[in-house]
Amino acid sequence: MESAMQRLLIRSISKLVSCDERDTVYENVDLYAEDGVIRAIGPKLDKPADEVLDAAHMLCYPGLINTHHHLYQQFSRNLPQVQNMELFDWLKTLYEIWKNLDTDVVRLSSLTGMGELMKHGCTTCFDHHYVFPQGAGDLLEAQFAAAEELGIRMHASRGSMDLSRKDGGLPPDSVVQTVDEILADSRRCIETYHDPSFGSMRQVALAPCSPFSVSADLLRQSAFLARQYGVRLHTHVAETKDEENYTLARCGVRPLEYMASLGWTGSDVWYAHGIHFNDEELRELARTGTGVAHCPISNMKLSSGVARVPEMLRLGVPVGLAVDGSASNDGSSLLEELRVCYLLHRLTASAQAPSGYDVLKMATRGSARLLGRDDIGQLSVGKCADLFLVDSRRLELVGGLYDPKSVLGTVGLRGPVDYTVVNGRVTVREGRLVTVDEPILAEKARARCDAYLART
């Protein structure tokens, strides 16, 4: 028996910032969606609907898209022993905690991390999971179950590491696997979970961790397998000078040349961070269509550096926005990331910096491009009904709404959004998650977090 059509009508939206190809900003319009797809935007739409939202005083934006996260790190945030470390020492210390991951920890950290994202306007989350302890269970299944419970779109990764400390890498032996084990499970994950269709709620990418924790063989074979299956490739590249020195010492070349030699450039590849690229490398990224997930807060917290985002945007490098791991951000809000991104590049690039609206487009259309999707990232007819609403009457927005396209970057938004809609369904209502009981979830997650950290 076929399910009935699901219809949503949002009435009298004060201002709708579409992020479409014409940068259209609508005023006093309705938005109508059927089965998760926008069917009409215009004044006084006469459409029957199962749910009607009154948005007479609301600002409406495309749902934000997070292009790099480590949700499992939700349970290792703000730990005093790592607060002033840089990346390599930080990783070595935290691997001793992360080696105790299991499906319950991953499920609850995913629920809380993605729940926080959704409360701040995010409708699609890519998670780079690469820690697979022996006997931990099906961690991607736990993540997709959490995403389904919340109602968020999720791109998960079958990440991997095959170089432990004894091989010159950073992680302990218990969280690395052989190339054959990794490739076999990568096939299983793609065949079990990846849905490439329009409006897909779950997709899989292959994502070996980084040049200093995986072998050249694993990188090469992962690229080959991903292209066999038509899925995307992701890893950390050019995050730190330590990484650059590592590839120079071991391979005789800088990180980008090393990755390119293994098949890791192209329009189906995006890197996290991309801080330490030189001029020639930026041109190569643009030429090949290789993308960068920009993580400004994490880059600052770990003293990694400032990515050359203004130059990337001018050259046409695909750039999206990301919060990075909860332990190197200590939060999961793309709205906060958006404002910090705007301010950071104003500080370092002055007039060459992206505008507040440029950064919004980076977090919507730009991020959608990194994930290989043209069905999300903008509000227009025929695209997915992923959006969030903000009440323009908030005290903290008084005097700040003369440019609604840029306000999220320039003024910013404290606190949760009023509504988040994913695939035409309300998932956040009046600032609270719809499908879970937040206090009960928080209590369960706190207890599990305490027990997990006590095992270290």
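**Rings and their partners**

Modeller: K405 lies over the face of Y357, at 4.7 Å from the ring centre; a charge sits over a ring if NZ of Lys or CZ of Arg is within 6 Å of the ring centre and within 35 degrees of the ring normal. This is a predicted model, where local features need pLDDT of at least 70, side-chain atom pairs need 80 or more, and totals for chains, interfaces and linings use all residues. Residues are numbered from 1 along each chain as its sequence is written, and side-chain values use heavy atoms, without hydrogens and water.

Biologist: Over which ring does the charged end of R158 sit?

Modeller: Here the distance to the ring centre is 4.0 Å. The ring under the charged end of R158 belongs to F132.

Biologist: How many aromatic pairs are there?

Modeller: Rings of Phe, Tyr and Trp (its six-membered ring) pair if their centres lie within 6.5 Å; planes under 30 degrees apart count as stacked, over 60 as edge-to-face and the rest as tilted. By this rule, the aromatic pairs number 11.

Biologist: Is the pair of Y61 and F388 stacked or edge-to-face?

Modeller: The centres are 5.4 Å apart, with 25° between the planes. That angle makes the pair of Y61 and F388 stacked.

Biologist: Is Y61 buried or exposed?

Modeller: Buried means under 20% relative accessible area, exposed over 50%, and partly exposed in between (1.4 Å probe, protein chains only). Y61 has a relative accessible area of 0%, so Y61 is buried.
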